[in-house]
Amino acid sequence: MTSESSAGRLRRAASSVVLTRRGLGFLVAGVVSFVAAPILSLPALLYVTGLLIGLVLFSAVFVFVGHSRVRIERSFSPQVVPPGQMARANVRITNLSVLPCLEAKWSDVLPHGISGDASGTLPALGGSHGTDSRVSFSYALQGLRRGRHPIGPLGVNVLDPFGLVFRRHTFGSPEMLTVLPRCIGLRPIAPRGTSEDGATRPAPQHVGLGEDDVIARNYLPGDAMKRLHWKATAHRGELMVRQEEQQLTPRAAVILDCEPNSQGTAKDRQGEWEFSSVFEWCVVATASISAHLVRAGYVVVLQSNGTEIDRFIADGQDTLEDAMVDLAVIEPEPQDNDRRVAPERAVFMVLGRLSVERAQHWAALMSTSRAVLALVASNTPAEARGILEDARWRVVTYTPKDDIGDLWTEFDGARAHAAG
């Protein structure tokens with residue numbers, strides 16, 4: 001088994017040796033001189049044949065042996081990059097062989113979704129015992145599409161001193177560069193709804209009131225009698241009224257539905273998920289809403305329908321960058337994990353094209369939430385949207401070409417205050 005694998009490696013290495021145009025010319029000239037020697041009765045041409053073919057063989061052996069032991073170290077600065085921004089790939093090459101390495105051409109393999117000029121000239125390296133056995137270089141990269149992208153391996157084309165033969169080397173293993181999803185700035189809104197008399201209520205600075213937020217203060221003229229705090233009044237001996245203090249740490253949930261049918265995707269023959277413009281739009285919307293809420297001072301519970309994302313973004317817990325990295329690599333999730341989803345009183349749902357059954361599923365799961373604001377694909381059947389609206393959801397439809405910033409403002413005025 002070992003001999004077979006060694007033989008396979010040897011064959012692959014031999015196939016990587018390629019003649020240049022000059023080397024091919026030397027080889028053709030050697031064959032011609034060999035044929036012409038007896039015809040022209042010039043034995044000296046045989047010496048020419050031997051010289052030409054010998055040079056080609058010597059060059060092939062030289063590039064076959066050279067650069068055989070090289071260590072590649074690659075890192076990125078930064079390791080995680082927003083889309084459209086630049087990162088630098090830092091590469092260090094160390095010659096581990098006693099023999100020196102000649103000047104060579106290098107190129108790094110870049111996947112789709114990453115752009116950059118990943119090629120150049122590698123200077124000559126000394127042997128492993130020399131001080132010039134190591135060289136470092138860097139080049140710029142730009143992330144174009146979210147995901148964890150493999151950069152590498154490093155390809156090196158080694159040319160012999162006569163320019164007759166070169167060998168294609170491949171060194172090192174790919175290193176991952178993470179590109180975050182796009183994050184669009186959203187304007188502040190007041191998703192509090194209207195009062196019973198039709199007047200618009202101002203949005204609270206923080207959503208979520210509980211029993212611990214109730215305090216008592218002295219009665220002032222004009223205070224409603226129904227707001228009297230009888231326990232505090234009896235204790236203090238003077239009229240006291242109830243006053244709710246806003247929470248210092250408001251909470252909201254952002255939930256992304258990654259179910260493949262809803263997101264309009266399926267696996268191809270290679271087992272990879274097909275591209276879905278709806279799903280990519282939903283990821284951008286989820287990232288934008290989450291970042292907006294965190295910057296507004298909310299504790300954000302970010303979840304997907306399955307198990308890939310479950311973040312509690314708060315001080316001492318997960319960070320917004322942790323959540324963005326999760327969204328960078330999120331894929332469709334066929335299985336639901338309803339027991340993990342714990343609805344908050346204020347929930348932002350990012351959904352695809354819902355079937356009636358899927359709409360019923362989410363409406364039942366979020367039945368304990370006071371305010372649910374949902375982005376739903378525009379091709380969702382009217383019956384499915386009706387189920388969500390009957391559950392008192394605030395529904396806004398979208399297409400993948402819509403701007404999330406414009407749609408976000410349609411939530412302004414929705415009934416999104418939490419239960420007291």
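Exposed loops

Colleague: Let's start with R392: is that residue buried or exposed?
Modeller: The relative accessible area of R392 is 63%. Buried means under 20%, exposed over 50% and partly exposed anything in between, with a 1.4 Å probe and protein chains only.

Colleague: Before I go on, at which pLDDT do side-chain atom pairs count?
Modeller: Residues are numbered from 1 along each chain as its sequence is written, and side-chain values use heavy atoms, leaving out hydrogens and water. This is a predicted model, where totals for chains, interfaces and linings use all residues, local features need pLDDT of at least 70, and side-chain atom pairs count only at pLDDT 80 or more.

Colleague: Back to R392, then: which loop is its place in?
Modeller: Phi of R392 is near 70 degrees, a positive value in a residue other than glycine. Helices (H or I, at least four residues) and strands (E, at least two) are DSSP runs, numbered from the N terminus. On that numbering, R392 sits in the loop between helix 9 and strand 20.

Colleague: What is the relative accessibility of S41?
Modeller: S41 is found in the loop between helix 2 (21-40) and helix 3 (44-65). Its phi is near 55 degrees, again positive in a residue other than glycine. S41 counts as exposed because its relative accessibility is 58%.

Colleague: Now the cis peptide bonds. Where is the place of P153?
Modeller: The peptide bond from G152 to P153 is cis, with omega near 5 degrees. P153 belongs to the loop between strand 9 and strand 10 (154-159).

Colleague: And what is omega near for the bond from S77 to P78?
Modeller: P78 is in the loop between strand 2 and strand 3 (80-81). The bond from S77 to P78 is cis, and omega is near 0 degrees.

Colleague: How many residues apart in sequence are the parts that D108 and R74 tie together?
Modeller: A salt bridge is a side-chain nitrogen of Lys or Arg within 4 Å of a carboxyl oxygen of Asp or Glu. D108 and R74 meet in one at 2.9 Å, N to O. D108 lies in strand 5 (residues 104-108) and R74 in strand 2 (residues 70-77), so the tied parts are apart in sequence by 34 residues.

Colleague: Is R146 buried or partly exposed?
Modeller: E280 forms a salt bridge with R146, with the closest N and O atoms 2.8 Å apart. E280 lies in helix 6 (residues 277-295) and R146 in the loop between strand 8 (134-143) and strand 9 (147-151), so the pair ties together parts 134 residues apart in sequence. E280 is partly exposed at 21%. With a relative accessible area of 15%, R146 is buried.

Colleague: Last one: why is helix 8 largely enclosed, and what does it pack against?
Modeller: Helix 8 (residues 356-365) is largely enclosed by the rest of the structure because seven of its 10 residues are buried. Among them are R358, H361 and W362. Contact means heavy atoms within 4.5 Å. The buried residues of helix 8 pack against strand 15 (251-256), helix 5 (260-263), strand 18 (346-350) and helix 9 (382-390).
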